[in-house]
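Reader: Hi! Could you show me the model you've been looking at? I'd like to chat through it.

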Amino acid sequence: LLPKALSGATTGAGHQRAESTGTAIKETVKLVRDLPAYRWIFWVGLATIFGGTLVDFGFLHLSQDRYSSAGDIQVLYAGTSLACFVLCWLLQSFGSTRLINKYGVPRILQLLPIGALLGAAVLLIGGAAKVIALGSIALVIWRLPRWSIDGSARQAAMASLPDERRLRASF
């Protein structure tokens, strides 16, 4: 539906050819299959969404077991998120470009499911021991690559595409 809705907009004028929604989907699937970096983006994205959501919900469940007040849970969540923002800003500012140049986009995107898996392991230990600090650490472990390196790696991958394919691949 989106390619049809954007057909008259400047973003839809990249390749100057009319194509059906089915053709657009086929072209996108072909792009993901043909380029190894985009296969990683697709599969890593699925694994990260699944694992990261479990870490988020596990953290909130552990927080609820420890604190009965919604306000206390919000303060804990906000404090943990603030720590994530600061650490991500530092990594984004001083290290993500060097890491991407050194290891490449596909390898960097592998950090996302690894972060989710490590976060889940730390959360499992924290949940078993009822230690909320481990729950906060688990949330930071999973969010750090997601909020810092992921955006830069995806932009680097998009830069390798021709203009007429960039918008479709980013969706």
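Author: Happy to. One term before we start: a polar contact is a pair of N or O atoms within 3.5 Å. Also, keep in mind that this is a predicted model.

Reader: Thanks! Which atoms come together at the start of α4?

Author: A side-chain oxygen of Ser 69 and the backbone nitrogen of Gly 71, with the oxygen within 3.2 Å of the nitrogen.

Reader: And how many residues does α4 have?

Author: The helix has 25 residues, covering residues 70–94. From first C-alpha to last, α4 reaches 36 Å, close to the 36 Å expected at 1.5 Å a residue.

Reader: Nice. Which residues of α4 are buried?

Author: Ile 73, Leu 76, Thr 80, Ser 81, Cys 84 and Cys 88 are buried. In general, an α-helix has 3.6 residues a turn, so residues three or four places apart point the same way.

Reader: Switching to the surface: which residues make the nonpolar patch?

Author: Leu 82, Phe 85, Val 86, Leu 87, Trp 89, Leu 90, Phe 94 and Trp 147 make a nonpolar surface patch of about 800 Å². Helix α4 gives the largest share, seven residues.

Reader: Where is Trp 147, then?

Author: Trp 147 sits in helix α8, which covers residues 132–159.

Reader: Let's move on to rings. How many aromatic pairs does the structure hold?

Author: There are three aromatic pairs in the structure. In one of them, Phe 59 and Tyr 77 have ring centres 6.0 Å apart and planes at 40°, so the pair is tilted. Phe 59 is in helix α3 (residues 36–66) and Tyr 77 in helix α4, so this pair ties together parts 18 residues apart in sequence.

Reader: Is Phe 59 buried or exposed?

Author: Phe 59 is buried, with a relative accessible area of 0%.

Reader: What about Phe 85 and Trp 147, how are their rings arranged?

Author: They are stacked, because the ring centres lie 4.9 Å apart with planes at 15°, and planes under 30 degrees apart count as stacked. With Phe 85 in helix α4 and Trp 147 in helix α8, the pair ties together parts that are 62 residues apart in sequence.

Reader: What are the relative accessible areas there, starting with Phe 85?

Author: Phe 85 has a relative accessible area of 48% and is partly exposed. Trp 147 is partly exposed too, with a relative accessible area of 30%.

Technical notes: Residues are numbered from 1 along each chain as its sequence is written. This is a predicted model: local features need pLDDT of at least 70, side-chain atom pairs count only at pLDDT 80 or more; totals for chains, interfaces and linings use all residues. Side-chain values use heavy atoms; hydrogens and water are left out. Patches are made of residues with over 30% relative accessible area and no salt bridge: like charges are joined within 9 Å, nonpolar side chains (Val, Leu, Ile, Met, Phe, Trp, Tyr) within 5 Å. Accessible areas come from the Shrake-Rupley method with a 1.4 Å probe; for residues, only the protein chains shown count as cover. A salt bridge is a side-chain nitrogen of Lys or Arg within 4 Å of a carboxyl oxygen of Asp or Glu. Helices (H or I, at least four residues) and strands (E, at least two) are DSSP runs, numbered from the N terminus. The expected span of a helix is 1.5 Å times one less than its number of residues. Buried means under 20% relative accessible area, exposed over 50%, partly exposed in between (1.4 Å probe, protein chains only). A polar contact is a pair of N or O atoms within 3.5 Å; within protein, one must be able to donate a hydrogen and the other to accept it, and residues adjacent in sequence count only if both atoms are side-chain atoms. Rings of Phe, Tyr and Trp (its six-membered ring) pair if their centres lie within 6.5 Å; planes under 30 degrees apart count as stacked, over 60 as edge-to-face and the rest as tilted.
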